[in-house]
Amino acid sequence: MIVVMQAKATPDQIKEVEQTLEGWGYEIHPIYGVERTVLAAVGNPSEDEASLAEQIDALPFVEKSMLILKPYRLASREFRPEKSTVKVGDVVVGGNGFVMMAGPCTVESEEQLMTTARAVKAAGATVLRGGAYKPSTSPYSFQGMGEDGLKILAQAREETGLPIITEVMHIGNIDLVAKYADILQIGTRNMQNYDLLIEIGKLKKPVMLKRGMSSKIEEWLQAAEYILKGGNDAVMLCERGVRTSETYTRNTLDLSAVLAVRELSHLPVVIDPSQGTGRSSMVPAMCRAAAAVGADGLLVEVHPNPEKALKDGAQSITIPAFQQVMRELALVLPAVGRTL
Ligand code: PEP
Ligand code: MN
(Lines give C-alpha, C1' and ligand atoms only; values in the text may rest on other atoms or scores of the structure.)
(Ligands and ions follow the chains in the order given, each with its own letter.)
Protein backbone atom coordinates (compact mmCIF):
# COMPACT_ATOMS: atom_id res chain seq x y z
CA MET A 1 0.00 0.00 0.00
CA ILE A 2 1.12 3.57 -0.71
CA VAL A 3 0.16 6.27 1.77
CA VAL A 4 0.32 9.93 0.74
CA MET A 5 0.49 12.26 3.74
CA GLN A 6 -1.12 15.69 3.73
CA ALA A 7 1.28 18.59 3.06
CA LYS A 8 0.73 19.91 6.57
CA ALA A 9 1.45 16.59 8.34
CA THR A 10 4.07 17.03 11.07
CA PRO A 11 7.02 14.65 11.59
CA ASP A 12 5.21 13.26 14.66
CA GLN A 13 2.08 12.54 12.66
CA ILE A 14 4.14 10.85 9.95
CA LYS A 15 5.85 8.76 12.63
CA GLU A 16 2.44 7.77 14.01
CA VAL A 17 1.31 6.45 10.61
CA GLU A 18 4.59 4.61 10.13
CA GLN A 19 4.20 2.91 13.49
CA THR A 20 0.59 1.97 12.79
CA LEU A 21 1.61 0.39 9.47
CA GLU A 22 4.53 -1.44 11.11
CA GLY A 23 2.16 -2.73 13.76
CA TRP A 24 0.16 -4.41 10.97
CA GLY A 25 3.26 -6.15 9.67
CA TYR A 26 4.39 -3.74 6.95
CA GLU A 27 7.92 -2.58 6.33
CA ILE A 28 8.03 1.15 5.58
CA HIS A 29 10.00 2.83 2.81
CA PRO A 30 9.42 6.58 3.18
CA ILE A 31 9.99 9.23 0.54
CA TYR A 32 10.39 12.61 2.21
CA GLY A 33 9.55 15.18 -0.47
CA VAL A 34 9.76 18.97 -0.28
CA GLU A 35 5.98 19.34 -0.09
CA ARG A 36 4.83 16.05 1.37
CA THR A 37 5.82 12.58 2.46
CA VAL A 38 4.85 9.35 0.75
CA LEU A 39 5.09 6.05 2.60
CA ALA A 40 5.48 2.82 0.68
CA ALA A 41 4.26 0.03 2.96
CA VAL A 42 5.44 -3.39 1.74
CA GLY A 43 4.92 -6.89 3.07
CA ASN A 44 2.08 -9.18 4.03
CA PRO A 45 -0.18 -7.49 6.58
CA SER A 46 -1.99 -9.50 9.20
CA GLU A 47 -5.43 -8.33 8.04
CA ASP A 48 -7.31 -7.55 4.83
CA GLU A 49 -5.46 -4.72 3.08
CA ALA A 50 -8.55 -2.91 1.88
CA SER A 51 -9.86 -2.66 5.45
CA LEU A 52 -6.46 -1.42 6.66
CA ALA A 53 -6.39 1.20 3.91
CA GLU A 54 -9.79 2.44 5.08
CA GLN A 55 -8.46 2.83 8.60
CA ILE A 56 -5.44 4.75 7.32
CA ASP A 57 -7.67 7.00 5.19
CA ALA A 58 -9.65 7.88 8.30
CA LEU A 59 -6.59 9.58 9.87
CA PRO A 60 -6.90 13.38 9.51
CA PHE A 61 -3.32 13.98 8.30
CA VAL A 62 -3.43 11.32 5.58
CA GLU A 63 -4.30 12.57 2.08
CA LYS A 64 -5.05 9.14 0.60
CA SER A 65 -3.87 5.57 0.37
CA MET A 66 -3.58 3.34 -2.67
CA LEU A 67 -3.60 -0.42 -2.86
CA ILE A 68 -1.01 -1.94 -5.12
CA LEU A 69 -2.28 -5.50 -5.09
CA LYS A 70 -5.61 -6.35 -6.70
CA PRO A 71 -8.51 -6.99 -4.32
CA TYR A 72 -9.16 -10.27 -6.14
CA ARG A 73 -6.07 -12.44 -5.74
CA LEU A 74 -7.35 -15.80 -7.01
CA ALA A 75 -9.10 -14.29 -10.01
CA SER A 76 -6.10 -12.21 -10.99
CA ARG A 77 -3.71 -12.73 -13.84
CA GLU A 78 -0.77 -12.43 -11.42
CA PHE A 79 -2.05 -15.48 -9.53
CA ARG A 80 -2.42 -17.48 -12.74
CA PRO A 81 -0.74 -16.01 -15.82
CA GLU A 82 -2.15 -18.58 -18.25
CA LYS A 83 -5.86 -18.60 -19.12
CA SER A 84 -7.98 -21.02 -17.16
CA THR A 85 -10.44 -23.37 -18.78
CA VAL A 86 -13.72 -24.74 -17.51
CA LYS A 87 -14.70 -28.26 -18.57
CA VAL A 88 -18.35 -29.14 -18.96
CA GLY A 89 -18.44 -32.76 -20.10
CA ASP A 90 -16.60 -32.71 -23.43
CA VAL A 91 -16.99 -28.95 -23.82
CA VAL A 92 -14.05 -26.73 -22.86
CA VAL A 93 -14.73 -23.07 -22.19
CA GLY A 94 -11.64 -20.87 -22.41
CA GLY A 95 -9.61 -23.08 -24.74
CA ASN A 96 -9.06 -22.53 -28.44
CA GLY A 97 -12.57 -23.63 -29.27
CA PHE A 98 -15.37 -21.08 -29.23
CA VAL A 99 -18.41 -22.33 -27.29
CA MET A 100 -21.94 -21.64 -28.44
CA MET A 101 -24.59 -21.86 -25.71
CA ALA A 102 -28.08 -21.39 -27.11
CA GLY A 103 -31.72 -21.93 -26.29
CA PRO A 104 -34.76 -20.07 -25.11
CA CYS A 105 -34.66 -17.43 -22.42
CA THR A 106 -37.15 -19.51 -20.47
CA VAL A 107 -38.40 -23.07 -20.66
CA GLU A 108 -42.08 -22.70 -21.56
CA SER A 109 -43.12 -26.20 -22.57
CA GLU A 110 -41.68 -29.53 -23.56
CA GLU A 111 -42.43 -28.88 -27.20
CA GLN A 112 -40.85 -25.40 -27.21
CA LEU A 113 -37.67 -26.60 -25.53
CA MET A 114 -37.27 -29.85 -27.47
CA THR A 115 -37.79 -28.08 -30.82
CA THR A 116 -35.20 -25.46 -29.91
CA ALA A 117 -32.74 -27.98 -28.45
CA ARG A 118 -32.80 -30.19 -31.56
CA ALA A 119 -32.40 -27.18 -33.86
CA VAL A 120 -29.52 -25.52 -32.01
CA LYS A 121 -27.74 -28.85 -31.66
CA ALA A 122 -28.08 -29.52 -35.39
CA ALA A 123 -26.71 -26.03 -36.11
CA GLY A 124 -23.63 -26.62 -33.95
CA ALA A 125 -24.41 -25.36 -30.45
CA THR A 126 -22.64 -27.34 -27.72
CA VAL A 127 -24.53 -26.16 -24.63
CA LEU A 128 -28.30 -25.73 -24.20
CA ARG A 129 -29.60 -22.74 -22.25
CA GLY A 130 -33.03 -22.33 -20.67
CA GLY A 131 -34.29 -20.69 -17.51
CA ALA A 132 -36.52 -22.60 -15.10
CA TYR A 133 -36.38 -20.01 -12.32
CA LYS A 134 -36.53 -16.54 -13.81
CA PRO A 135 -35.58 -13.32 -12.05
CA SER A 136 -38.15 -10.83 -13.28
CA THR A 137 -38.31 -7.09 -12.81
CA SER A 138 -42.09 -7.38 -12.73
CA PRO A 139 -43.71 -9.72 -10.19
CA TYR A 140 -46.58 -10.13 -12.70
CA SER A 141 -44.49 -11.53 -15.54
CA PHE A 142 -43.76 -15.24 -16.06
CA GLN A 143 -41.51 -16.54 -13.29
CA GLY A 144 -40.53 -19.80 -14.96
CA MET A 145 -41.71 -23.40 -14.67
CA GLY A 146 -39.55 -24.26 -11.68
CA GLU A 147 -38.63 -27.92 -11.23
CA ASP A 148 -40.87 -28.94 -14.13
CA GLY A 149 -38.68 -26.75 -16.32
CA LEU A 150 -35.56 -28.42 -14.95
CA LYS A 151 -37.03 -31.83 -15.80
CA ILE A 152 -37.68 -30.76 -19.37
CA LEU A 153 -34.10 -29.50 -19.63
CA ALA A 154 -32.84 -32.86 -18.36
CA GLN A 155 -34.98 -34.61 -20.96
CA ALA A 156 -33.47 -32.42 -23.69
CA ARG A 157 -29.97 -33.26 -22.48
CA GLU A 158 -30.90 -36.93 -22.50
CA GLU A 159 -32.01 -36.76 -26.11
CA THR A 160 -29.46 -34.34 -27.60
CA GLY A 161 -26.45 -34.93 -25.37
CA LEU A 162 -26.13 -31.16 -24.84
CA PRO A 163 -25.11 -30.12 -21.34
CA ILE A 164 -27.45 -27.54 -19.83
CA ILE A 165 -27.00 -24.12 -18.29
CA THR A 166 -29.75 -22.73 -16.11
CA GLU A 167 -30.06 -20.07 -13.46
CA VAL A 168 -30.02 -20.60 -9.72
CA MET A 169 -31.65 -17.69 -7.95
CA HIS A 170 -31.35 -18.36 -4.27
CA ILE A 171 -29.54 -20.41 -1.68
CA GLY A 172 -32.50 -22.60 -0.83
CA ASN A 173 -32.60 -23.86 -4.40
CA ILE A 174 -28.95 -24.66 -5.02
CA ASP A 175 -29.20 -28.41 -4.39
CA LEU A 176 -32.25 -28.78 -6.58
CA VAL A 177 -30.88 -26.77 -9.52
CA ALA A 178 -27.42 -28.33 -9.21
CA LYS A 179 -29.02 -31.78 -9.46
CA TYR A 180 -30.12 -30.98 -13.02
CA ALA A 181 -27.72 -28.31 -14.30
CA ASP A 182 -24.31 -28.81 -15.85
CA ILE A 183 -23.54 -25.10 -15.50
CA LEU A 184 -25.12 -22.93 -12.82
CA GLN A 185 -25.92 -19.45 -14.06
CA ILE A 186 -25.78 -16.60 -11.56
CA GLY A 187 -27.83 -13.75 -12.97
CA THR A 188 -27.00 -10.09 -13.17
CA ARG A 189 -29.33 -9.27 -10.26
CA ASN A 190 -27.51 -11.76 -8.06
CA MET A 191 -23.91 -10.90 -8.87
CA GLN A 192 -23.57 -9.29 -5.47
CA ASN A 193 -25.65 -11.82 -3.56
CA TYR A 194 -22.66 -12.80 -1.47
CA ASP A 195 -24.47 -15.52 0.50
CA LEU A 196 -25.29 -17.21 -2.81
CA LEU A 197 -21.73 -16.81 -4.10
CA ILE A 198 -20.30 -18.33 -0.91
CA GLU A 199 -22.58 -21.38 -1.13
CA ILE A 200 -21.84 -21.89 -4.84
CA GLY A 201 -18.15 -21.68 -3.94
CA LYS A 202 -18.55 -24.84 -1.88
CA LEU A 203 -19.66 -26.88 -4.91
CA LYS A 204 -17.49 -28.49 -7.55
CA LYS A 205 -19.64 -27.43 -10.45
CA PRO A 206 -19.15 -25.05 -13.38
CA VAL A 207 -20.61 -21.60 -12.75
CA MET A 208 -21.32 -18.72 -15.08
CA LEU A 209 -21.24 -15.44 -13.24
CA LYS A 210 -23.03 -12.68 -15.08
CA ARG A 211 -21.85 -9.13 -14.68
CA GLY A 212 -24.07 -6.97 -12.50
CA MET A 213 -25.94 -4.50 -14.69
CA SER A 214 -24.22 -1.57 -13.00
CA SER A 215 -21.07 -3.28 -11.85
CA LYS A 216 -17.51 -2.27 -12.43
CA ILE A 217 -15.15 -4.93 -13.77
CA GLU A 218 -13.36 -4.89 -10.42
CA GLU A 219 -16.58 -5.63 -8.52
CA TRP A 220 -17.36 -8.44 -10.95
CA LEU A 221 -13.94 -10.00 -10.40
CA GLN A 222 -14.35 -9.61 -6.65
CA ALA A 223 -17.66 -11.46 -6.92
CA ALA A 224 -15.84 -14.24 -8.81
CA GLU A 225 -13.27 -14.23 -6.02
CA TYR A 226 -15.99 -15.24 -3.54
CA ILE A 227 -16.65 -18.41 -5.55
CA LEU A 228 -12.96 -19.17 -6.12
CA LYS A 229 -12.13 -18.58 -2.47
CA GLY A 230 -14.62 -21.27 -1.50
CA GLY A 231 -12.70 -23.79 -3.60
CA ASN A 232 -14.82 -23.91 -6.74
CA ASP A 233 -12.45 -22.95 -9.55
CA ALA A 234 -14.78 -23.75 -12.46
CA VAL A 235 -15.81 -20.12 -12.91
CA MET A 236 -16.59 -18.38 -16.19
CA LEU A 237 -17.75 -14.81 -16.56
CA CYS A 238 -20.54 -13.49 -18.77
CA GLU A 239 -20.82 -9.92 -20.01
CA ARG A 240 -24.52 -9.20 -20.61
CA GLY A 241 -24.61 -5.46 -21.02
CA VAL A 242 -24.59 -2.67 -18.50
CA ARG A 243 -26.81 0.29 -17.69
CA THR A 244 -25.90 3.52 -19.43
CA SER A 245 -27.81 6.66 -20.43
CA GLU A 246 -28.97 4.84 -23.58
CA THR A 247 -32.53 3.57 -23.77
CA TYR A 248 -32.77 2.50 -27.44
CA THR A 249 -31.06 -0.73 -26.50
CA ARG A 250 -32.02 -2.64 -23.35
CA ASN A 251 -28.42 -2.47 -22.11
CA THR A 252 -25.12 -1.34 -23.55
CA LEU A 253 -23.15 -4.44 -24.46
CA ASP A 254 -19.63 -3.79 -23.24
CA LEU A 255 -17.44 -5.83 -25.58
CA SER A 256 -14.35 -4.14 -24.18
CA ALA A 257 -15.07 -6.05 -20.97
CA VAL A 258 -13.62 -9.11 -22.72
CA LEU A 259 -10.35 -7.25 -23.17
CA ALA A 260 -10.40 -5.81 -19.66
CA VAL A 261 -10.95 -9.24 -18.13
CA ARG A 262 -8.18 -10.68 -20.31
CA GLU A 263 -5.76 -8.07 -19.00
CA LEU A 264 -6.75 -8.49 -15.37
CA SER A 265 -7.80 -12.11 -15.00
CA HIS A 266 -7.37 -15.69 -16.24
CA LEU A 267 -11.08 -16.48 -16.22
CA PRO A 268 -12.94 -17.28 -19.47
CA VAL A 269 -15.49 -14.73 -20.69
CA VAL A 270 -18.70 -15.38 -22.59
CA ILE A 271 -20.89 -12.72 -24.23
CA ASP A 272 -24.68 -12.57 -23.97
CA PRO A 273 -25.81 -10.35 -26.86
CA SER A 274 -29.49 -11.06 -26.12
CA GLN A 275 -29.78 -9.32 -22.74
CA GLY A 276 -26.92 -7.14 -24.02
CA THR A 277 -28.97 -5.43 -26.72
CA GLY A 278 -32.58 -6.46 -26.09
CA ARG A 279 -33.10 -6.47 -29.87
CA SER A 280 -33.04 -9.56 -32.06
CA SER A 281 -32.03 -7.40 -35.05
CA MET A 282 -28.72 -6.65 -33.34
CA VAL A 283 -27.91 -10.10 -31.99
CA PRO A 284 -26.24 -11.64 -35.10
CA ALA A 285 -23.80 -8.76 -35.59
CA MET A 286 -22.96 -8.73 -31.89
CA CYS A 287 -22.25 -12.47 -32.10
CA ARG A 288 -19.74 -11.81 -34.87
CA ALA A 289 -18.24 -8.95 -32.90
CA ALA A 290 -17.93 -11.08 -29.75
CA ALA A 291 -16.07 -13.74 -31.72
CA ALA A 292 -13.80 -11.11 -33.28
CA VAL A 293 -12.99 -9.42 -29.96
CA GLY A 294 -11.80 -12.70 -28.46
CA ALA A 295 -14.66 -13.87 -26.26
CA ASP A 296 -14.61 -17.55 -25.33
CA GLY A 297 -18.19 -18.13 -26.33
CA LEU A 298 -21.73 -16.86 -26.58
CA LEU A 299 -24.96 -17.29 -24.66
CA VAL A 300 -27.75 -16.62 -27.14
CA GLU A 301 -31.52 -16.67 -26.80
CA VAL A 302 -33.20 -18.65 -29.56
CA HIS A 303 -36.95 -19.29 -29.81
CA PRO A 304 -38.95 -21.25 -32.42
CA ASN A 305 -41.55 -18.50 -32.40
CA PRO A 306 -40.21 -15.30 -30.77
CA GLU A 307 -43.45 -13.36 -31.14
CA LYS A 308 -45.17 -15.96 -28.95
CA ALA A 309 -42.39 -16.16 -26.34
CA LEU A 310 -43.49 -15.73 -22.72
CA LYS A 311 -40.28 -13.88 -21.97
CA ASP A 312 -37.68 -11.88 -23.89
CA GLY A 313 -39.25 -12.50 -27.32
CA ALA A 314 -37.97 -9.18 -28.69
CA GLN A 315 -34.38 -10.23 -28.15
CA SER A 316 -34.76 -13.89 -29.14
CA ILE A 317 -33.61 -14.90 -32.59
CA THR A 318 -35.41 -17.45 -34.72
CA ILE A 319 -33.98 -20.85 -35.59
CA PRO A 320 -33.09 -19.81 -39.18
CA ALA A 321 -31.39 -16.67 -37.82
CA PHE A 322 -29.40 -18.86 -35.44
CA GLN A 323 -28.32 -21.14 -38.29
CA GLN A 324 -27.11 -18.07 -40.15
CA VAL A 325 -25.16 -16.88 -37.09
CA MET A 326 -23.38 -20.25 -36.97
CA ARG A 327 -22.43 -19.97 -40.65
CA GLU A 328 -21.06 -16.48 -40.06
CA LEU A 329 -19.08 -17.54 -37.01
CA ALA A 330 -17.49 -20.29 -39.06
CA LEU A 331 -16.02 -17.50 -41.20
CA VAL A 332 -15.12 -15.02 -38.47
CA LEU A 333 -13.50 -17.39 -35.97
CA PRO A 334 -10.66 -18.72 -38.18
CA ALA A 335 -9.71 -15.11 -38.93
CA VAL A 336 -8.92 -14.63 -35.24
CA GLY A 337 -7.27 -18.02 -34.72
CA ARG A 338 -10.23 -19.78 -33.12
CA THR A 339 -12.40 -22.72 -34.06
CA LEU A 340 -16.05 -23.45 -33.43
C1 PEP B 1 -31.20 -14.54 -18.86
O2 PEP B 1 -30.12 -15.05 -19.23
O3 PEP B 1 -32.29 -14.81 -19.37
C4 PEP B 1 -31.16 -13.53 -17.79
C5 PEP B 1 -32.20 -13.31 -17.00
O6 PEP B 1 -29.99 -12.90 -17.71
P7 PEP B 1 -29.50 -11.66 -16.82
O8 PEP B 1 -29.34 -12.18 -15.43
O9 PEP B 1 -28.21 -11.28 -17.47
O10 PEP B 1 -30.54 -10.57 -16.93
MN1 MN C 1 -33.62 -13.62 -20.98
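Visitor: Into which domains is the chain divided?

Guide: In this predicted model, the chain is divided into domain 1, residues 2–66, and domain 2, residues 86–336. The centres of domain 1 and domain 2, taken over C-alpha atoms, are separated by 44 Å.

Visitor: How many helices and strands does the chain have, and what box do its C-alpha atoms fill?

Guide: The chain has eleven helices and 14 strands, and its C-alpha atoms fill a box of roughly 75 × 45 × 40 Å along the principal axes. Of the 340 residues in the chain, 53% are buried.

Visitor: How should I read a pair of aromatic rings, and which pair is found here?

Guide: A pair of aromatic rings is described by two quantities, namely the distance of the centres and the angle of the planes. A search of the whole structure finds one aromatic pair. The rings in question belong to Tyr194 and Tyr226, and because their centres are 4.5 Å apart and their planes meet at 25°, the pair is stacked; the cut-off behind this reading is that planes under 30 degrees apart count as stacked.

Visitor: Where do Tyr194 and Tyr226 lie in the chain?

Guide: Tyr194 belongs to helix α6, residues 194–201, and Tyr226 to helix α7, residues 217–229, so the pair ties together parts that are 32 residues apart in sequence.

Visitor: Which residue lies over the face of Tyr248?

Guide: That residue is Arg279, which lies at 3.7 Å from the ring centre of Tyr248.

Visitor: How much space lies in the largest pocket, and which residues lie nearest its centre?

Guide: The largest pocket holds about 600 Å³ of space. Its lining consists of 23 residues, and those nearest the centre are Glu49, Leu69, Lys70, Pro71 and Arg73. The elements giving two or more residues to this lining are β3 (37–42), α2 (49–57) and α7. By class, the lining of the largest pocket has twelve nonpolar, four polar and seven charged residues.

Visitor: What volume does the second largest pocket have, and how do its lining residues divide by class?

Guide: The volume of the second largest pocket is about 260 Å³. It is lined by 20 residues, of which Pro135, Arg189, Arg250, Gln275 and Asp312 are the closest to its centre. The lining of this second pocket divides into two nonpolar, eight polar and ten charged residues.

Visitor: What is the phi of Asp312, and where in the chain is this residue placed?

Guide: Asp312 has a positive phi of about 55°, although it is not a glycine. Its place is in the loop between β14 (297–301) and α11 (319–335), and it is also one of the residues closest to the centre of the second largest pocket.

Visitor: Where does Met145 lie, and how far is its C-alpha atom from that of Gly131?

Guide: Met145 lies in the loop between β8 (127–129) and α4 (147–160), and is partly exposed at a relative accessible area of 27%. Between the C-alpha atoms of Met145 and Gly131, which are 14 residues apart along the chain, the separation is 8.4 Å.

Note on methods
Residues numbered from 1 in each chain as written. Chains lettered and ligands numbered in written order. Predicted model: local features only at pLDDT ≥ 70, side-chain atom pairs only at ≥ 80, totals over all residues. Heavy atoms only, no water. Phe/Tyr/Trp six-rings, centres within 6.5 Å; stacked < 30°, edge-to-face > 60°. Helix = DSSP H or I, 4+ residues; strand = E, 2+ residues; numbered from the N terminus. Lys NZ or Arg CZ within 6 Å of the ring centre and 35° of its normal. 1 Å grid on protein atoms, 1.4 Å probe; cavity = no way out; pocket = protein on both sides within 12 Å on 5 of 7 lines; lining within 4 Å. Points joined across faces, edges and corners; volume = space filled by probe spheres on them. Nonpolar A, V, L, I, M, F, W, Y, C, P; charged D, E, K, R; others polar. Domains from an automatic or database assignment. Buried < 20%, exposed > 50% of the residue type's maximum accessible area, 1.4 Å probe, protein only.
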